[in-house]
Protein chains: 2
Amino acid sequence: MAKSEKEMGMLRDHLAKHQLKLTRQRELILDAFLKQEHITAEEMYHQLAKKDPHLGLATIYRTLNLFCEAGLAQARHFGTQTQYDNISHKGHHDHLICTGCGKIVEFENCEIEKLQEEVATRNGFTITTHRLELYGLCSRCRH
Amino acid sequence: MAKSEKEMGMLRDHLAKHQLKLTRQRELILDAFLKQEHITAEEMYHQLAKKDPHLGLATIYRTLNLFCEAGLAQARHFGTQTQYDNISHKGHHDHLICTGCGKIVEFENCEIEKLQEEVATRNGFTITTHRLELYGLCSRCRH
DNA sequence: ACCTTCTTGAGACGATTTATCAATTTCAAT
DNA sequence: ATTGAAATTGATAAATCGTCTCAAGAAGGT
C-alpha cells in the first residue's frame, strides 16, 4: 500500500470533495485494483473472497464506479462484461485477431498512437485510453 | 430497396454459402439498417413496429448478428447496449467516445488505416475489418 | 405441390449490473 | 472518548440486455 500514495491521494481528494467516507472496503479494493491493468467486478470479487469473505459484490461494483468518478479507473464494455481499466498503467497493447483460428497477436505502434492523438485534438477530445483490434486471417488460415 | 443492390448481394452470398434463407423479415431489417449509420436492436424494434407490429425483438437481434457475420455490420458495445454499425453503406468509420457524456464522434483516417495494413502484413495477416475506439473526454466534459 | 430445413415469434431464461433497505461504520463535533 | 448525523455495507430483489427454446410457419430445391 505504501507505493500507491498518489492514487490513495486522488481517492481521498475525491471523497473529501463529495462528503464521502474512506472505509476499510474501499482501501482493500483500491489496493487490489492498483495491482491490475484491468479487471472485472466478478474477478475482483473472487480475488478478495480470501481476504474478506463477506465483501459483497455490490460493494465492489459501487467502489469500482467510484474509482471511475475519482479518475483512477475507466470502465470499458467488452463482450458482455465491464472491464475496469487501471488508468495509471499505460501499457497499450493492441490486437491482431485471426477470425479463422482465434490466434491473437499483440502489437504496439507509436505512429498510430500519434495519429490518434491528432484526431482527438482536432475534435477537442483528450484521450485517456483506446482500443484497436484488427480482424482478419493469419497466414495459415488464408489457405 | 433498389439502391442497396451491393449490400443485398453480400447478404445473398452469405446466405447461399451457409444454407440460410432470404426471408421477408431479413429484407425488411436490411432495408431499415442500411438507412442508418448505427443503431441498437431496441431502436430498430421501435422503428419497424409500424411496418410490422409482429416482428419480434429476438428476430432483430438474430438478424443484426447475421449482418455482422455477412460483413455488413459490426457490433460495438457502448454503455449498456450494443450498437450495430453499418460498415458497408458509408464506409468504415471509427469512433471518438466521450466517457463523460457519451457523445460519439465518427471519423475516418486513411493514414491510420495504412499503418494498420502495415502491421498486419508484417505479421502475416490479411485484415478483413477492424475496430478502433478512442475513449476520453470531450471539450465540454473536461471542464 | 411436396418435403426437408430454416426461420419466426413469444416468452422463458441467463448473465450482468443496479436499487433497496435495515444494520453498521465513519468522522466531525462535542 | 462519546455522541449522533450521514454515509456505507451486505444480502437480496429487481432491472436490463441479449440469447435460447420450441411449436408453428415459411422458404426453396426437386
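Mentor: Start with the side chains of B:Arg131 and A:Glu133, which form a salt bridge at 3.2 Å, N to O. The term means a side-chain nitrogen of Lys or Arg within 4 Å of a carboxyl oxygen of Asp or Glu. This is a predicted model, where local features need pLDDT of at least 70, side-chain atom pairs count only at pLDDT 80 or more, and totals for chains, interfaces and linings use all residues. Side-chain values use heavy atoms, without hydrogens and water, residues are numbered from 1 along each chain as its sequence is written, and chains are lettered from A in the order in which they are written.

Trainee: Where does A:Glu133 stand in the strand pairing?

Mentor: Opposite B:Arg131 in strand 6 of chain B. Strand 6 of chain A and strand 6 of chain B (residues 126-137) run antiparallel, joined by 11 bridges. Strands here are DSSP runs (E, at least two residues), and two of them pair if DSSP finds at least two bridges between them.

Trainee: How many salt bridges cross the interface of chain A and chain B?

Mentor: Two, by the rule.

Trainee: And what area is buried between chain A and chain B?

Mentor: About 3,100 Å², with 64% from carbon and sulfur atoms. That is accessible area (1.4 Å probe) lost on putting two parts together, summed over both. A:Phe125, A:Arg131 and A:Tyr135 supply 22% of what chain A buries against chain B, more than any other three residues.

Methods
Helices (H or I, at least four residues) and strands (E, at least two) are DSSP runs, numbered from the N terminus.
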